[in-house]
Amino acid sequence: MYQTHHSRIRSQGYILVLALVFLGIFFTASAAYLNSSMSFTRSARYDVTNAQALAIAEGALDVAVYQLNLDSSYGGQANTPLGSGVFTVTVSNINSVTRRVTATGYVPNSASPVATKTIQTIISTNNDVISFHFGIQSGDGGFTLDNTSSISGNVYSSGPIIGSNQNYIYGDVISTGASGLVYGIHATSSAYAHTIGNASRSTVIDKNAYYATTRVNTTVGGTSYPNSPDQATTSLPISDAQIGEWETLAAAGGTATCTSGSYNISSGNVSLGPVKIPCDLNISNTAVVTLNGHIWITGNIIIQNSAIVKMAPSLGTENVVIIADNPSDRINSSKISVKNTASFQNSGTAGSFVFLISQNNSAENGGSIDAIELTNSASAMIAYAAHGLIPLENTVSLKEVTAYKIHLKNSANVKYDTGLANVVFDSGPGASWGFVPGEYVITR
């Protein structure tokens with residue numbers, strides 16, 4: 001009996017030990033589960049705050065774009081409340097049309113944040129694209145070619161196109177409307193006009209001739225198409241509103257100080273722009289002027305001798321304008337003269353151009369004052385005078401020229417650059433800031 005009782009006690013001891021072991025396992029498992037649950041909760045809470053910080057940073061980028069469209073000089077802001085936290089934005093200039101924006105979102109604040117997210121991106125203006133489909137284009141004033149002057153590229157005019165001695169036009173020739181007239185030229189491609197040819201001056205068209213009623217003293221290498229509809233007229237590629245916007249951008253860069261009614265640069269290396277010059281501008285001799293932005297001159301411009309005007313390399317594919325526009329006198333003022341061996345250079349990047357723009361309107365009002373005068377070995381990238389006369393003579397060479405009226409003399413040549421089909425400017429009417437695709441990096 002004693003043995004049985006002893007065995008019973010020993011069995012109960014085993015049961016107690018097992019119970020304690022299982023209880024230990026239970027508490028250990030419970031503790032591990034509780035710790036895991038707490039860790040999961042902390043992780044979930046951390047994920048939420050990180051998501052909130054990221055959303056705040058993204059919202060900050062939208063704020064930056066909005067502010068830049070209100071004020072292009074916007075440089076950022078700090079500790080601005082948004083949602084469940086705050087944000088800080090910094091804006092740095094890459095060039096005149098591109099900004100690097102860094103936005104950081106903090107939850108709940110920047111002093112003791114639980115979560116922080118930073119995004120860096122690039123934004124740029126919604127650039128205005130101007131299309132030049134013709135090597136040379138004139139308005140209702142039309143244009144004439146004298147001596148051995150020639151054009152390499154298509155020609156488009158709302159007025160007559162008249163040569164003196166079968167002057168070569170290496171491309172299509174188009175004179176629009178019911179008064180369209182072409183004669184005295186040698187076109188290596190086709191010609192389009194209401195009337196082609198003149199009894200006093202022979203005309204040669206290597207390809208086809210499209211005309212409405214008359215073809216006189218003209219040799220056609222291709223096919224003649226009488227009774228063809230008149231070509232539709234079109235506006236010149238740069239509007240006055242666009243030019244006015246560039247003037248505003250130039251003026252935003254500050255106003256230069258004139259001396260005795262002029263701003264003179266005759267030597268050395270000078271950086272210029274964006275700037276408004278409220279007088280005449282004279283660049284001469286050995287001066288080298290580097291353009292960093294648009295220039296607006298409220299008088300006349302003379303660039304001569306061996307002066308060089310070039311774009312800053314940092315401008316890349318952007319384009320810059322030099323505008324002569326005196327709103328109080330566009331009949332006698334607002335003129336540009338480039339002569340002797342003065343030259344222009346782009347930024348070093350293909351597709352970048354210097355535009356010479358004159359708002360002189362003498363020709364449009366029946367006068368004979370030159371809006372832009374280009375002589376001798378002068379080299380300008382692009383000349384534009386929508387309301388005025390541009391005479392070209394001697395060995396002057398251009399990428400493109402557009403004016404109300406154009407007169408080519410002596411051995412002048414206009415050589416069309418294929419890159420001008422679409423040229424891009426940093427801004428203009430309707431231009432706005434926006435995100436550059438692919439330029440979005442979460443840095444932390």
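This is a predicted model: local features need pLDDT of at least 70, side-chain atom pairs count only at pLDDT 80 or more; totals for chains, interfaces and linings use all residues.
1. Residues are numbered from 1 along each chain as its sequence is written, and side-chain values use heavy atoms, with hydrogens and water left out.

2. Leu-392 and Ile-322 have the most contacts inside the largest nonpolar core, which has 79 residues. Such a core is a set of buried Ala, Val, Leu, Ile, Met, Phe, Trp, Tyr and Cys residues joined through side-chain atoms within 4.5 Å; buried means under 20% relative accessible area with a 1.4 Å probe, protein chains only. Strand S30 (residues 379–392) supplies the largest share of this core, eight residues. Another core, of 18 residues, lies apart from it and includes Leu-61, Leu-68, Phe-87 and Val-91.

3. Now to the strands, which are DSSP runs (E, at least two residues) numbered from the N terminus. Strands S12 (residues 191–197) and S14 (residues 209–216) run parallel and are joined by six bridges, with Ile-196 bridged to Arg-215 in S14. S14 also pairs with S16 (residues 224–225) in the parallel sense, over two bridges; pairing requires at least two DSSP bridges. Here Tyr-210 has Tyr-225 of S16 as its bridge partner.

4. For the chain as a whole, 45% of the 444 residues count as buried.

Technical notes: Buried means under 20% relative accessible area, exposed over 50%, partly exposed in between (1.4 Å probe, protein chains only). Helices (H or I, at least four residues) and strands (E, at least two) are DSSP runs, numbered from the N terminus.
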